Structure formats: C-alpha cells, structure tokens
Amino acid sequence: DPDGKNKRRQRIRRLLAPLITDFVTVSHDLARWLVEEVRIPAGKVRTVYNGVDTHCFSPDGRDSARHSLRIPDGSIAIGTVGRLDPVKNHVGLIRAFSRLASDPRLELYIAGGGPCHSELETESRSLGLTRRVHFLGERDDVPTILRALDVFVLPSLGEGMSNTILEAMATGLPVVATRVGGNPELLCHEVTGLLVEPQSADSLVSALSRYAEDPSLRAAHGRAARTRAESEFGLPRMLNTYDVLYSRHLA
C-alpha cells in the first residue's frame, strides 16, 4: 500500500527526526532508504555494520561437524540458515537445486523454522528430492551447522543486513547470495562469493554449479571470506565504532 508507506514515513520524520541526533543503520542501503524515502537529513544518518564473533564462527572442527550432521563422505553440502518465510525464497533454492540433482554428490541442508515449512517439504517431495534435501528445523547449534557445509546460500528476495552471511564468511565458506539490500556490501563478487540476481533461477543454478565443479574456487573464496570477516566485520571493529559515536555525544 504506497499511501500507507508514505504516511508511515511522514510519521517517522515528524515524530523522530527533530528528537534524534543520529540514526544508525546497519547498511548503506538502509541509510539510503532513510535519506531518500523517509527524508531524514543525511547529516544525521550513520552506518555501522554488525559485527560477527570470529571465534565462535570459525572453520575449526569441520570433520566433527559433518559427522554430527551425518553428511556422507564425498558429499558437497550446500546449506542455508534462516526463518522459513516467503521473502527468504527457499522454494526458489529447492527448485534450483533440483536442476543440479543429477550430480549425486550434492546435498541441500535447510536450517530454520517458519510458516513455509510444510510447503517446502511438499515441494521437495514433488521434485523427488526427499532424500537429498534435509530440513534441520530450528537449531541452537548454528556454528556447527555452518562448519559442516561446503557452500552457504542465501536466495532472499529482500534483506537488510544479513548476519548469517557474516557468520558463513567467518566460518570460511564461499557464499552465494542475491544482489539485494546490504548483501553486496558484505560480499565481494568473485572474491568472497558470488552475487546473483533475485528470482533468477538460472543465475542461482550457475553459481552453485560453479562451486560444485571447482573445489579450488570454493577454497579460495572461503579463505577470502574468512579474511574479510576478520578484518572488516569483527566485533572489536563494531564496538570501537559505537564507542567513538557515543563518546562524541557524551563529551
């Protein structure tokens, strides 16, 4: 409802903008939205990227993680973590995976719960993928799940700032993600992962196929992702940025 959105933007601007010194966003994409759509003065908008715990999320313990998920030896584990919601486009991921299913090494792991669970299981069954698509449900061991994977994929139709991308990068995984929201700010295309167009099955299939066929590419992008997570998105960097912001105002 465009009229409803405009009214909400006007209400935010009228009620909050005069009272707030700084609006902090977690991506430049969200900062752009505040300035261009909500009409917050650009001088009041700051971007501070979320940080990721690179000790909790790390490549260490891969073998035991794969054993805990019962991933067969020689398999290439493609996976995603997140709420099973239409905006995350898991159905598009399952359909793309079905086009790669002729490769017996590939397995798809989907962690998370949500309203689309039954629909996704039905889709998987209809495509004959019951034994190849594994629904892990809601989990409290996400670091272990990520360590067990070979490729992380996020096929969302929309995103703000994806913490799961940061967690996957810190784990040393190559990432396939749609070119939406803040995703292009996190991934370096063809360096730490591959960006694909949203709702483009062909580009998603192509990206996953490249990683499936080229273990050296997976390894190179995974190493670069880990390095970028440590240097650009570690918790100390985020905390220091907030410390500088708060100290400036307290002074």
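**Close-up 1. Helices α4 and α9 form a right-handed crossing**. In this predicted model, the axes of α4 (90–98) and α9 (residues 201–213) come within 9 Å and cross at roughly 60 degrees. That angle makes α4 oblique to α9. On the α4 side the contact is made by Gly92, Leu93 and Ala96, and on the α9 side by Leu204, Val205 and Leu208. These residues divide into five nonpolar, one polar and no charged.

Helices (H or I, at least four residues) and strands (E, at least two) are DSSP runs, numbered from the N terminus. Axes are lines fitted to C-alpha atoms, for helices over the stretch in contact, with angles running from 0 to 180 degrees between N-to-C directions. Angles under 35 degrees count as roughly parallel, over 145 as roughly antiparallel, 65 to 115 as roughly perpendicular and the rest as oblique. A crossing is right-handed if the near helix is turned clockwise from the far one by less than a right angle, and left-handed if anticlockwise. Contact means heavy atoms within 4.5 Å. Ala, Val, Leu, Ile, Met, Phe, Trp, Tyr, Cys and Pro count as nonpolar, Asp, Glu, Lys and Arg as charged, and the others, Gly among them, as polar.

**Close-up 2. Helix α5 has buried residues along one face**. In α5 (residues 117–126), look for Leu120, Glu123 and Ser124, which are buried (buried is under 20% relative accessible area, exposed over 50%, partly exposed in between, with a 1.4 Å probe and protein chains only). Seen down the helix axis, the buried residues of α5 fall within an arc of 100 degrees, so they line one face; the arc is that of the directions from the axis to the C-beta atoms. They pack against α4 and β5 (133–137). The face turned away carries the exposed residues Ser118, Arg125 and Ser126. Just after α5, glycine 128 takes a positive phi of about 70 degrees.

**Close-up 3. Glutamate 123 sits in helix α5**. With 17% relative accessibility, glutamate 123 counts as buried. Apart from neighbours within four places in sequence, glutamate 123 is in contact with Val91, Ile94 and Arg95.

**Close-up 4. Helices α7 and α10 meet through their side by side contact residues**. The axes of α7 (residues 163–170) and α10 come within 7 Å and cross at roughly 115 degrees. From α7 come Leu166, Met169 and Ala170, and from α10 come Ala225, Arg226, Arg228 and Ala229. By class, this contact has five nonpolar, no polar and two charged residues.

**Close-up 5. Alanine 225 belongs to helix α10 (residues 215–232)**. At 0% relative accessibility, alanine 225 counts as buried. Neighbours within four places in sequence aside, alanine 225 is in contact with Met169, Leu173 and Thr192. Cysteine 188 is 37 residues from alanine 225 in sequence, yet 8.5 Å away in space, C-alpha to C-alpha.

**Close-up 6. Glycine 181 lies in the loop between β7 (175–178) and α8 (183–186)**. Glycine 181 counts as partly exposed, at 22% relative accessibility. Beyond neighbours within four places in sequence, its contacts are Asp29, Glu159 and Gly160.

**Notes.** Residues are numbered from 1 along each chain as its sequence is written, and side-chain values use heavy atoms, leaving out hydrogens and water. As the model is predicted, local features need pLDDT of at least 70 and side-chain atom pairs count only at pLDDT 80 or more, whereas totals for chains, interfaces and linings use all residues.
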